[in-house]
Amino acid sequence: MLDNLTSLALSSLSSAAPLALAALGALATEEAGSLSISIEGSMIVGAFAAAMAAQAGSGLASGLVAGAMAGLGLSCLVGGAALVLGADVFVAGLAANILAPGLVSILSQAAFGTKGVLASESLRSGPWSIIVALSLLCLLLILFLTRSVFGLRLRASGSVESRASGEEVAQAAGISSRRYRLSAHLIAGAAAGIAGASLAAGVGAYVPGMTTGRGWIALVAVFLGRRRAWPVLLSCLIFGFLIALANLGQSLWNWGVGGGNAVELLQALPYIATAIALIAWRRIEKAKEESV
Amino acid sequence: MKGRTRARIVALASSLAFAAIYALVASSDPMGALYAFFVNPFVNSYAFYSLLESSASLLCCALGAGLAFRAGAFNLGGEGQAAVGTLAAALVALGCADRGLSGAPAICAAIVAAALAGGALALLSAVAEEKTGAQVMLTSFLFGQAAIIGVNWAVGGPLKDPSANLLGMAAIPEGLRLPLLAPPSPLSLAFPISLVLAAAVIFFTRGTRAGVEQRLLGKNRLFARAAGISPQIGAWSMVASGALAGIGGSFLVLGQTGRAVKDMTGGIGWNGLAVALIAGSDGLGALPAALFFAWLDSGARQASILADLSPDASAVMKGIALLLITAASLGSRSRAKALHAKGKA
């Protein structure tokens with residue numbers, strides 16, 4: 001029992017840590033007033049870049065750096081298209097998410113002759129070292145967003161509370177909101193790239209489709225956490241706990257249903273629970289608004 | 001309008017330029033690769049008919065995404081809605097086969113079941129938004145992901161055909177599949193049906209009162225409410241969006257593949273959304289955009305078979321096209337200025 005509980009706690013943290021870092025990056029873009037949709041794509045290229053760097057025998061640290069660079073590169077594309085060429089930021093982000101797995105597949109085939117799993121043993125790291133590394137990065141990012149001059153200006157340029165006047169406020173204060181938005185996208189790309197790299201480090205390989213929509217969940221966490229750093233972090237922890245619970249359930253029980261194991265359906269739990277939480281939270285908020 | 005056209009041309013040309021550069025750099029036989037990509041899908045009739053067939057499901061998903069988009073909702077659950085469509089179509093078709101039913105009514109029943117399944121999944125998000133304001137963009141994705149997990153489990157588990165090697169349900173008998181139009185190619189009735197659906201969507205958006213109201217709702221919710229337009233049009237758009245994605249899924253089962261297998265939607269929901277965004281919000285552009293995407297897939301596949309390239313190059317090309325398609329400054333200067341004046345990110 002106790003063994004199960006500790007392993008549940010550990011695997012909750014392991015699932016939550018990459019999610020949290022990606023979500024905090026997305027939060028930066030949301031605060032700047034232009035939410036990045038390309039988190040999922042950045043995680044994919046980040047995971048692949050880490051596995052690729054590890055082919056040269058490097059370990060966790062350089063894997064994470066490689067992931068950050070790759071995520072940064074992808075967000076440069078999105079940020080460039082959206083903020084320099086004037087493309088719709090949502091459409092450009094979606095484009096990056098479609099482009100990323102294709103790009104990875106092409107590179108993988110050209111460099112390693114495989115489109116499938118890219119094993120990289122030297123990257124494999126224990127859960128604790130990944131959790132500690134990502135937690136430190138999360139903490140740094142939170143401090144940066146809430147305490148630094150840059151973070152405050154970032155918020156001014158997006159001004160969530162009064163989006164309409166945010167740009168004017170920023171301009172009046174002499175802040176180029178476009179530059180801050182671009183920086184926010186680059187931060188988000190790097191954070192998501194590191195998050196993706198940590199996924200690859202956890203299993204010691206790049207596996208196509210390994211992000212399984214985590215980038216989108218990170219965006220949901222931004223909304224669930226009401227666009228504030230600590231609640232966003234809490235949302236990620238809860239989601240990580242749900243993933244861990246689903247995994248634990250799968251390893252403990254077996255409810256055979258006509259040749260299939262019904263416990264596999266637990267995999268859907270994090271998505272359904274998150275949707276219900278989102279709906280319930282909006283309902284409470286709406287009721288509050290109406291009573292005022 | 002002129003600026004928009006120019007932006008589209010630049011976006012599509014960049015995407016094709018990538019294909020050319022990729023072929024030149026990565027292939028040992030660049031000319032063969034270029035021929036396989038650009039020419040083969042059109043001169044080889046089998047390849048051309050397969051291209052048309054695969055554009056059918058894509059077009060349905062794109063029409064659906066476009067309808068939701070017009071009403072101001074981002075339906076990110078197209079993939080899941082198509083997945084439940086595949087399951088519903090297969091269940092009804094196999095159920096009909098068990099009762100000895102076949103022919104047009106049974107096939108129609110399978111397609112309608114797929115539409116209902118996809119529509120019902122989208123309805124969840126629509127109701128959630130109307131009752132609580134939970135964003136469709138988020139809930140449709142979450143419900144869609146959960147549905148994909150459920151469908152994959154059912155198809156590869158309790159409903160799996162024990163005699164088959166692959167993770168999938170039993171094959172749909174011949175009399176319950178969409179009739180082939182040009183055998184041996186996979187071109188089936190799915191393509192003409194998708195054209196009819198496209199015509200219906202265009203008629204709805206341009207020729208009906210509800211279509212105009214839908215557009216107003218999408219442009220400005222507050223104004224639409226003030227003008228007395230029922231917000232239910234938004235919910236119905238979402239349901240129609242899911243239903244069209246479900247029909248797209250049913251075409252895969254009743255056409256090309258002939259059975260429901262695990263992970264069979266393979267991104268048509270996301271690609272449908274991309275096609276809808278490239279096409280703009282009018283249904284008219286969806287057909288050429290869907291054909292363009294189907295061509296990229298077909299060309300990349302040909303190039304991978306005939307010359308040693310990755311079939312996934314098509315994903316990169318789609319991404320490049322989509323990345324630049326809304327870029328205002330590739331269009332006219334005035335449009336770029338207008339965008340900046342609007343303070344759009």
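**Exercise 1. Find how helices H4 and H5 of chain B cross, and which classes of residue meet there.**

Step 1: The axes of helix H4 (residues 78–98) and helix H5 (residues 104–132) of chain B come within 7 Å and cross at roughly 145 degrees. Helices (H or I, at least four residues) and strands (E, at least two) are DSSP runs, numbered from the N terminus. Axes are lines fitted to C-alpha atoms, for helices over the stretch in contact, with angles from 0 to 180 degrees between N-to-C directions.

Step 2: The crossing of H4(B) and H5(B) is right-handed. A crossing has this name if the near helix is turned clockwise from the far one by less than a right angle, and is left-handed if anticlockwise.

Step 3: Among the residues that meet are Gly80(B), Val84(B) and Cys96(B) from H4(B), and Ala106(B), Ile111(B) and Leu121(B) from H5(B). Two residues are in contact if their C-beta atoms, placed from the backbone, lie within 7 Å.

Step 4: By class, this contact of H4(B) with H5(B) has 18 nonpolar, four polar and no charged residues. Ala, Val, Leu, Ile, Met, Phe, Trp, Tyr, Cys and Pro count as nonpolar, Asp, Glu, Lys and Arg as charged, and the others, Gly among them, as polar.

**Before you go on**

This is a predicted model: local features need pLDDT of at least 70, side-chain atom pairs count only at pLDDT 80 or more, and totals for chains, interfaces and linings use all residues. Residues are numbered from 1 along each chain as its sequence is written, while chains are lettered from A and ligands numbered from 1 in the order in which they are written.

**Exercise 2. Describe the side of chain A that touches chain B.**

Step 1: Count both sides: chain A brings 48 residues to the contact and chain B brings 45 residues.

Step 2: Look for the helices of chain A. H3 (60–84), H4 (89–112), H9 (214–224) and H11 (269–291) each supply at least two residues, and H4(A) has the largest share, with 15 residues.

Step 3: Sort this side of chain A by class, and you get 28 nonpolar, 12 polar and eight charged residues.

**Exercise 3. Decide whether Ala205(A), Thr212(A) and Arg226(A) are buried, partly exposed or exposed.**

Step 1: Start with the rule: a residue is buried if 20 or more other C-beta atoms lie within 10 Å of its own, exposed if 12 or fewer, and partly exposed in between.

Step 2: Ala205(A) is in strand E2 (residues 205–206) of chain A. Because 20 other C-beta atoms lie within 10 Å, Ala205(A) is buried. Leaving aside neighbours within four places in sequence, its contacts include Ala51(A), Val117(A) and Ala200(A).

Step 3: Thr212(A) sits in the loop between E2 and H9 of chain A. With 16 other C-beta atoms within 10 Å, Thr212(A) is partly exposed.

Step 4: Arg226(A) lies in the loop between H9 and helix H10 (229–252) of chain A. Arg226(A) has 12 C-beta neighbours inside 10 Å and so counts as exposed.
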